[in-house]
Amino acid sequence: MTNELKEKFVNPENDVLRVVGGKPLNGKIKVRGAKNFVSKAMVAALLAPGKSVLKNVPEIRDVHVVSDLLRLHGVNVDVDGPEGTVTIDASHVELANVADVDTLSGSSRIPILFSGPLLHRLGEAFIPALGGCNIGGRPIDFHLETLRKLGANVDKEHSDGIHITAPNGLKGAKIHLPYPSVGATEQTLLAAVLAEGKTELSGAAIEPEIMDLVSVLQKMGAIISVDVDRTFRIEGVKELKGYTHTSLTDRIEAASWASAALATHGDIFVKGATQPEMMTFLNVFRKIGGEFDVTDKGIRFWHPGGDLKPVAIETDVHPGFMTDWQQPLVVALTQAKGLSIVHETVYENRFGFTKPLVQMGATVQLYRECLGSLPCRFQQRNYKHSAVIFGPTPLTGRDIDVPDLRGGFSHLIAALAAEGPSTVRGISLIDRGYADFRGKLAALGADFE
Ligand code: EPU
């Protein structure tokens, strides 16, 4: 990361926001490409000895972490932040210095996806210790099992990271995921496209961001099909070429601003937001009493006045209600009249962020039981993964420490909806996934410094 970027993303002086809430957020903002797609498309570029161009890229920290890791492997990366274009020339790829790679330890979860492309290009890969939000154990057992099935040797003992080799190349295999993990699905796709022979991946995830990655890989020359039962079939090809692609919009960011409109009694036009990827969110938004209007340019979300209604929702893999939509929406649910229930079935520990909400005046009770009917891996386990929210409760500003990306944005929404001043600390975590959120808050008339 350049000094300028460090200043922007990790400077402690930029890390505190003082917010005076109680004012509706009104106005227009633009949301660019999806954080959970662009980072993976950048990794895909490593598969081809040529130039790839990715458009509609947001200026977020994850993009810079992936760029840095690519550069450490000799890849040329040019990030034009204001334009939103990343150009990657992977004509030359070399083994990175382990000590240099280690400097990126704990910065993101994306580095594990470098495994397949690096094995194809170099026969080995060193993956630094992973970071990402603290919302559950987040193991990588499915990733490593997939790589082993494709013929890789995985050595977890190497310092804090993982050393992976494939002296005889990767070979197609039959893989079944015990849970439709987004990352493990992407891992398999990125590793299998150049593996010798056919790979069958059943129990896969089919999030829109994954399907956009499949589009990128197809543009590069890959052969991938998907069956109705979530089984991907990949026919390995001998080589791939660079791509030009425009990212799909970040539906998590769009839903976050929509929730902010509801929580603050506001009216926000989210330029770039698209309906198909947000269908499930829009249904819930409507049931709560929010209004929206879909246009060619984006979606307008607003609070029409009157009482919001409570809902019962369960998070799930696509096409279910995304876990990443849950946190910002819970803030809006504190303002709905009655009892709402949220059953989190993707992460075992994604309700930690509700504690500060309760301190601000919300009524949120957490339960270990599954308060829903979806089959859930956390049943009979000791995780508080269901929440009951009773509202409406006025929120009062206070000091908050941001716990993770989505939880942090939710705290920001709560601070904007609350009466009185709040101090939100650790907001650089929010830069991981919300491009220029300070500029957007200013455009929406938020009172903050
Ligand atoms: N899991 C395992 N073993 C594995 C992989 C996953 O047990 O090897 C479990 C996880 O612990 C979790 C569940 O499977 O309970 C789902 O995890 P998944 O692999 O789908 O998540 P991910 O790929 O690590 C991505 C997004 C997350 C998003 C999830 C679910 C990226 C960089 N991250 O994570 O986004 O919540 O999919 O949609 O794409 C965020 O943006 O704030 C964020 C956390």
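Residues are numbered from 1 along each chain as its sequence is written, and side-chain values use heavy atoms, with hydrogens and water left out. Because the model is predicted, local features need pLDDT of at least 70 and side-chain atom pairs count only at pLDDT 80 or more, while totals for chains, interfaces and linings use all residues.

Let me begin with the domains, whose bounds come from an automatic or database domain assignment: domain 1 covers 3–31 + 249–448, and domain 2 covers 35–246. Their contact, meaning heavy atoms within 4.5 Å, takes 29 residues from domain 1 and 23 residues from domain 2. Across this interface the rule finds two salt bridges, a salt bridge being a side-chain nitrogen of Lys or Arg within 4 Å of a carboxyl oxygen of Asp or Glu. Asp62 also forms a salt bridge with Arg432, with the closest N and O atoms 3.2 Å apart.

Now to the annotated residues: an unreviewed UniProt entry carries the annotation "binding site" for Lys35 and Asn36, given in the numbering used here, with a shortened feature name, and such annotations may be inferred rather than shown by experiment.

Is Lys35 buried or exposed? Lys35 counts as buried because its relative accessibility is 9%, where buried means under 20% relative accessible area, exposed over 50%, and partly exposed in between (1.4 Å probe, protein chains only). Leaving out residues up to four places away in sequence, Lys35 touches several residues, including Asp62 and Arg432.
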